[in-house]
Structure formats: C-alpha cells, structure tokens
Amino acid sequence: MRVLMFAAVLNLLAGCSRHDPTEPITNEQLLLRSQSAMHFTTVQMPGTRNQAPNPVSQGDMQRLIGTLHPIDRVSPNPLLGDCYTLSYQAGMDPTWVRVRIGDGKLAFEWDDIVYVGGDPSTFLDIVEEIRSTPDTDE
C-alpha cells in the first residue's frame, strides 16, 4: 500500500511541477492550463489600452485558453502591435497571454514565446459574448 501511495504522489508531482518559461509549452500543457483553477481573470481588448480590462468568469477564461489549442508551431517572430491580453492568476502565479488573430490561426505569446495555432473563430465568438455581457459590478 505504501508503495502504491508513493508511486501516486510521484506521478502527481511530475504533473504539478512548474514549467520552465524558456521552453515552449506542449499541447498537453496548454490543455492542462485551460482546465486549471484561476482567479482575477480579465481580457484587455485591442485598442483599449487606456481603459480598464473586462473582468471575465473563470469559465470564459478557460474557454479562451482552450481555443489556443492545438499549437501548430512556435514562431521566431515577435508578436507586435495591439493584441487581446488575457490575464489571470493561478495560485500565486500571474499570467499574461497576448493574442492576435492571424490568417486562419491565432498567434499568441506566452512566457515570451510566440505560438501559432488554435481556433480564431471560436476565440472571437467568446470575445463577442464577453463584450455583449453587461458589467455587473455594483
């Protein structure tokens, strides 16, 4: 029984280890992140740099991150210009993901690495839902 518990703990620890930000994330890591618990979730829309970001639910942020999957490739080009900025905190780690709509793909920057892939149509559908949801701060 102790051996089984030890093996289970080792297996869990391997999945919970921090990602080295100098290495590209994998599709599996991206899916794991899209299902992670998160708080302080916001989306900054392009062209709204001087405005407050839109607060979004954890579910909406998880859906947005899910649309970045699958990663087709890592790009050597920087992500320049005005982008969507997804921000959230998971545990004590704040995360910012910049997203730009490209030619039938999303280009997104995560930990200073630019990726190409995902589903821009679904991403834009979710963003439109967020824009059309009235602000409920009271």
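Are Tyr 84 and Phe 123 buried or exposed? In this predicted model, both Tyr 84 and Phe 123 are buried.

A search of the whole structure finds two aromatic pairs. In one of them, the ring centres of Tyr 84 and Phe 123 are 5.2 Å apart and the ring planes stand at 80°, so the arrangement is edge-to-face; planes over 60 degrees apart count as such. Tyr 84 belongs to strand E4, whereas Phe 123 belongs to helix H4 (residues 120-132), and the pair therefore ties together parts that are 39 residues apart in sequence.

Phe 108 and Tyr 115 also form a pair, with ring centres 5.2 Å apart. Their planes lie at 20°, so this pair is stacked, the cut-off for stacking being under 30 degrees. Phe 108 has a relative accessible area of 0% and is buried. Tyr 115, at 1% relative accessibility, likewise counts as buried.

Burial was also examined along helix H2, which spans residues 27-34. The buried residues of this helix are Leu 30, Arg 33 and Ser 34. These residues cover an arc of only 100° around the axis and are therefore placed on the same side of H2. In an α-helix there are 3.6 residues a turn, so residues three or four places apart point the same way. The cover over the buried residues of H2 includes helix H3 (58-66) together with strands E3 (71-75), E4 (84-90) and E6 (106-110). Strand E4, one of these covering elements, is also the strand in which Tyr 84 of the edge-to-face pair lies.

Notes: Residues are numbered from 1 along each chain as its sequence is written. This is a predicted model: local features need pLDDT of at least 70, side-chain atom pairs count only at pLDDT 80 or more; totals for chains, interfaces and linings use all residues. Side-chain values use heavy atoms; hydrogens and water are left out. Buried means under 20% relative accessible area, exposed over 50%, partly exposed in between (1.4 Å probe, protein chains only). Helices (H or I, at least four residues) and strands (E, at least two) are DSSP runs, numbered from the N terminus. The arc is that of the directions from the helix axis to the C-beta atoms. Contact means heavy atoms within 4.5 Å. Rings of Phe, Tyr and Trp (its six-membered ring) pair if their centres lie within 6.5 Å; planes under 30 degrees apart count as stacked, over 60 as edge-to-face and the rest as tilted.
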